[in-house]
Number of protein chains: 2
Amino acid sequence: MIETPYLLFLGDAPDPLAAKVAQGIKDWRPENAVGQFRMAGCKADLGLKDLTLAEGKEAGARTLVIGVANRGGVISQAWKDVLIEALQMGFDLASGLHNLLANEGDLVAASQVSGSTLHDVRVPNVQYPIADGTKRAGKRVLAVGTDCSVGKMYTALALDEAMRARGMNSTFRATGQTGILITGSGVPLDAVVADFMAGAVEYLTPANDPDHWDIIEGQGSLFHVSYSGVTLALIHGGQPDALILCHEPTREHMRGLPGYKLPTLEAVRDMALTLAQVANPACKVVGISINTQHLSEADAKSYLAEVEARLGLPAVDPYREGAARLAEALAEL
Amino acid sequence: MIETPYLLFLGDAPDPLAAKVAQGIKDWRPENAVGQFRMAGCKADLGLKDLTLAEGKEAGARTLVIGVANRGGVISQAWKDVLIEALQMGFDLASGLHNLLANEGDLVAASQVSGSTLHDVRVPNVQYPIADGTKRAGKRVLAVGTDCSVGKMYTALALDEAMRARGMNSTFRATGQTGILITGSGVPLDAVVADFMAGAVEYLTPANDPDHWDIIEGQGSLFHVSYSGVTLALIHGGQPDALILCHEPTREHMRGLPGYKLPTLEAVRDMALTLAQVANPACKVVGISINTQHLSEADAKSYLAEVEARLGLPAVDPYREGAARLAEALAEL
């Protein structure tokens with residue numbers, strides 16, 4: 001559990017895209033961010049107040065979150081100077097970088113002096129159990145994709161927003177580092193040891209009130225040969241009551257696998273549902289989320305209509321129109 | 001790679017079952033074992049020559065393999081005395097125990113003095129790659145089960161034996177600690193970090209001669225909610241040309257999951273084949289291996305005949321009759 005609110009460290013981001021973790025926090029949990037901290041040459045700007053460390057502290061920030069990718073796989077001395085000063089002022093640090101804070105001797109030393117915590121969200125800090133498959137109270141919905149990086153996290157966060165707007169009782173459950181930084185907790189599933197993957201998902205989505213929905217962030221795809229095992233652990237550990245299919249219609253091959261075509265939505269529906277019903281025979285596919293960012297407004301509209309007619313399920317682009325219709329489908333379940 | 005041949009350490013095994021790892025080595029790779037080492041009170045006997053450490057050394061043994069489960073989760077002082085003496089004599093040690101040799105300070109110290117290697121086969125010692133899904137030369141067969149512990153390793157080892165007997169070019173590829181100790185190498189797949197599971201299977205089964213078969217040891221089951229992700233990584237990382245279905249017909253529920261019935265062989269066939277064809281569209285299900293240990297001879301015979309007729313595939317119990325018919329099915333592929 002990362003303590004909120006945050007001050008968002010944008011460092012010397014070379015462009016806005018490098019700060020996409022910070023952007024995600026600002027978009028989805030603006031109440032978690034008191035402001036942004038930018039260094040000389042920073043090319044990203046979230047439109048939040050620029051604060052010094054002292055001002056951030058005064059505004060109540062508990063954690064300095066590294067919301068930007070680093071360059072060249074090293075944590076530079078310029079960053080270090082800021083991070084050490086933050087630790088000395090009593091901030092915790094949180095990071096999803098490949099280079100772990102815990103491997104930087106000077107940061108560890110400073111954190112020990114101040115009693116601050118270093119959160120490396122790529123690395124599990126819990127000994128997860130082996131899944132026992134017991135049916136848990138409460139409801140769960142999982143986003144499953146035709147491919148990696150088609151918008152599963154975005155869909156889940158938009159769904160959470162739409163469900164809250166309807167007054168439904170829901171919690172977004174993060175399974176990757178960006179989601180964990182946005183919400184302050186979760187399981188970095190791709191870094192969990194194989195035998196404990198499904199157990200980690202059970203741990204993440206425990207028994208809850210009968211009307212409560214866990215919205216589980218998806219990972220990978222059953223049809224992506226590099227990561228499919230992670231996806232199946234989500235399906236079996238999450239024992240979802242509902243699945244949302246996610247797709248990006250302009251992709252020519254599976255991400256990182258030039259020899260692999262994307263499966264059809266129908267193939268993903270049938271495969272994911274059959275496997276989900278092993279853990280939860282009542283599971284249903286309730287809707288479709290299409291990432292239409294590479295289509296024109298008109299093409300997006302007609303593609304969504306075509307998919308909706310073909311599969312007989314509400315099909316939306318949550319970025320263009322929100323996820324209200326998906327929330328409605330869940331409410332009717 | 002564990003250096004062979006071995007001296008098999010049976011310790012103070014309370015019963016023969018406790019020494020099942022050593023039994024597996026003796027059954028499947030007798031040429032790897034120069035003899036057995038038993039302590040006072042040992043209730044297991046492989047029928048191998050009882051050797052002292054010095055005699056084992058003289059007979060050419062390079063590694064003392066702990067072929068027995070320990071009691072109560074600790075490595076006792078009585079064991080330690082033997083293990084340290086073995087290290088001092090220049091033996092390597094190999095173990096699949098949950099307690100790691102590498103966590104025992106006195107064993108580590110002794111190994112450093114003698115320059116011996118400690119092999120903890122439950123723990124990966126390789127940084128596996130992320131799977132890239134590229135089609136590899138050579139052929140691969142994978143055992144997939146209706147459940148865990150239905151005889152997948154046994155089937156794979158029996159198949160390896162039968163294929164060699166036919167003069168086929170094959171290699172058993174271990175994916176669990178017992179298989180690794182039997183053959184001296186492999187990947188402890190259940191201990192690999194999620195993102196690298198399929199890559200570890202690619203690493204284990206690299207490109208090979210066009211007529212060479214990798215016989216990949218299966219793990220878990222697509223229908224076992226605790227471990228299904230590991231099974232799918234085997235299917236996608238292994239890109240098998242052929243699948244063998246494995247089943248134990250008297251089991252009343254999935255292993256460790258009282259609320260879960262076993263799937264039918266047909267359900268496993270359809271699900272495993274559909275998923276396997278993502279990585280290898282030419283994959284076929286070629287045979288069925290039934291563990292009939294809890295059936296009478298007559299019941300086993302009629303059950304095998306019934307399954308063979310129902311699925312239209314050779315169905316054998318490799319323990320009762322060997323795996324020659326499965327090897328034949330592969331040869332005809």
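A contact is defined here as heavy atoms within 4.5 Å. On that basis, and not counting residues up to four places away in sequence, Tyr260(A) touches Val225(A), His253(A) and Met254(A), together with Gly133(B), Gln239(B), Val278(B) and Ala279(B). The model is predicted, so local features need pLDDT of at least 70 and side-chain atom pairs pLDDT 80 or more, whereas totals for chains, interfaces and linings use all residues. Residues are numbered from 1 along each chain as written, chains are lettered from A and ligands numbered from 1 in the order written, and side-chain values use heavy atoms, without hydrogens and water.

Tyr260(A) is placed in the loop between β9 (242-247) and α9 (265-279) of chain A; helices (H or I, at least four residues) and strands (E, at least two) are DSSP runs, numbered from the N terminus. Tyr260(A) has a relative accessibility of 10% and therefore counts as buried (under 20% relative accessible area; exposed is over 50% and partly exposed in between; 1.4 Å probe, protein chains only).

Over all chains, 10 aromatic pairs are present (rings of Phe, Tyr and Trp, the last by its six-membered ring, with centres within 6.5 Å; stacked under 30 degrees between planes, edge-to-face over 60, tilted for the rest). Among them, Phe9(A) and Phe37(A) are stacked, at 6.1 Å centre to centre and 20° between the planes. Phe9(A) lies in strand β1 (residues 6-11) and Phe37(A) in strand β2 (residues 33-38) of chain A, so the pair ties together parts 28 residues apart in sequence. Phe9(A) is buried at 0% relative accessible area, and Phe37(A) is buried at 14%.
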